[in-house]
Amino acid sequence: MIRPARLFLFSLLLFLIAFSLPMPLAAQDDALPDVVVAARADFFPEGVEYDADGGRFLTGSLTEGTIFAVSDDGMVTPFIEDADLSATVGIHIDKMNNRLLVANTNNPAASSETPVASLGIYDLVSGDRLALVDFVSLLPDVMHFPNDVTSDSDGNAYVSDSFAGVVYKVDADGNAEIFAQGDLLTAQGFGPNGIEVVNDEFLLLAVTANATLIKIPLDDPTNMSEVALPEALGGDGLLLHPNGDLLMVAPSPDGNELIALRSDDNWESATIVDRQPAPGATTAALRGDAVYAVNAHLGELFGDGASVAAFEINRIDLALDAAAASAGDAANGQSLFVTNCSVCHNADSEATLVGPGLLGISERAATRVEGLSAEAYIRQSILEPGAFVVEGFPPAMPATFGAMFTDEQIDDLVAYLKSL
Ligand code: HEC
């Protein structure tokens, strides 16, 4: 017979490259800490959330099951101690209902053969248990690893099970069902992992071993589809940023990284907006707009078994605004144009002044350079006029605008030119 705990350990090792490289972090311009060092040995927090009302991080514990509160000065205090929690993985704050949802599984450090797969539901303030919902009874004959959990505004919880290859749904009354399963969720090794609800409309789910991101409609889970990604990403934890980007923890050649994905077609496809090193990260949490990733030190837990004296919750700065899709203000762009550009460009005709007339540039721009969208070409024309010089014209456009304007002003100019 296969020992679940052992196989769990082995599979985790296969895909997990855990890193504990020290990361230089730039000083932040606000009062939030760059790093919180959780001063407690060997509890291996995998999931993390920031409880804004309590002013504390909450983490799970792979080796004990206890949920801990971590303050900014690194104090670690037990918040939920429940004998039925054996290894806590993903945790999720359901703000609307003031609950903490906890994915509970077999303790990888123990060798129990009784499968454990459940969702613990707790009061976020008192820590009192409201329910413990079992999943083993839904799928008795397979291996389980409840990994991550999220919730929608009706109070339904969705839990990914990495070994069973399914997503469970637990309604507000604690009734559990298998919500989604099928080929797209089936994997050799670690399958369904990080999970987030988008707009109360669909789930986004990382299927780690397949290196895919799956979109699952809440009203019709059988109609799931694979999100087209620019590269294969074996995602772990997911986090939906307030700006609509999806942040994904993924292994990288230099250590784990946090990748910001953005979609402009409701998650049929996505592009990478930014990626930053996130040492040892398993998942990330929001604190306001700031993003923190826990360094779970799983390399030590599953590697040489070395003791770990402290764990870090690192702030990760992603360039989400600089690369933001142009949401510029065209009216402001027009006034910038009049003062700075109209000496060389007509806006109301195609007639040449010093440079080409820009009437209709929104359409011409898409045809100028292969692979560059209209927006990207217009942006490049302003920031790096030398990169492509329109035929028949001298390279006479000043290259100083990038330094002269703020990112926002550039967005405004781009929005105006796109309206021509
Ligand atoms: C001193 C004159 C001059 C000024 C000022 C100037 N440009 Fe230009 N611009 C040119 C010339 C000449 C070209 C054509 C050569 C090239 O592509 O660099 C050009 C090309 C362009 C193009 C590409 C047009 C096409 O048909 O592909 C865009 C877009 C553009 N400029 C936008 C701007 C904007 C926006 C500003 C103001 C922020 C500006 N320019 C200011 C001279 C100027």
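The protein I am showing today is divided into domain 1, residues 4-316, and domain 2, residues 330-418, with bounds that come from an automatic or database domain assignment. Taken over C-alpha atoms, the centres of domain 1 and domain 2 are separated by 44 Å.

This is a predicted model, in which local features need a pLDDT of at least 70 and side-chain atom pairs count only at pLDDT 80 or more, while totals for chains, interfaces and linings use all residues. Residues are numbered from 1 along each chain as its sequence is written.

On confidence, the average pLDDT of the protein is 88, and 90% of the residues score at least 70; pLDDT is the predictor's confidence in each residue, from 0 to 100. Over residues 1-7 the pLDDT stays under 50, and the model has 13 contacts for them beyond four places in sequence, a contact being two residues whose C-beta atoms, placed from the backbone, lie within 7 Å. Residues 9-29 also have a pLDDT below 50, with 41 contacts in the model beyond near neighbours in sequence.

Let me turn to the nonpolar cores, meaning sets of buried Ala, Val, Leu, Ile, Met, Phe, Trp, Tyr and Cys residues joined through C-beta atoms within 7 Å. A residue is buried if 20 or more other C-beta atoms lie within 10 Å of its own, exposed if 12 or fewer, and partly exposed in between, with C-beta atoms placed from the backbone. The largest core has 90 residues, of which Leu-119, Val-167, Met-248, Leu-258 and Ala-284 touch the most other members. Its largest share, six residues, comes from strand β15, residues 202-207, where strands (E, at least two residues) and helices (H or I, at least four) are DSSP runs numbered from the N terminus. Leaving aside neighbours within four places in sequence, Met-248 is in contact with residues including Gly-194, Ala-206 and Leu-261. A second, separate core has 13 residues, among them Leu-358, Ile-361, Ala-365 and Leu-417.

What surrounds the ligand? The shell has 27 residues, and the closest are Cys-341, Cys-344, Gly-355, Ser-381 and Met-397; a residue is near a molecule if its C-beta atom, placed from the backbone, lies within 6 Å of it. Two or more shell residues are given by each of α3 (330-340), α4 (361-368), α5 (374-383) and α7 (407-418).

Finally, Ile-121 lies in strand β8, residues 117-123, and counts as buried because it has 23 C-beta neighbours inside 10 Å.
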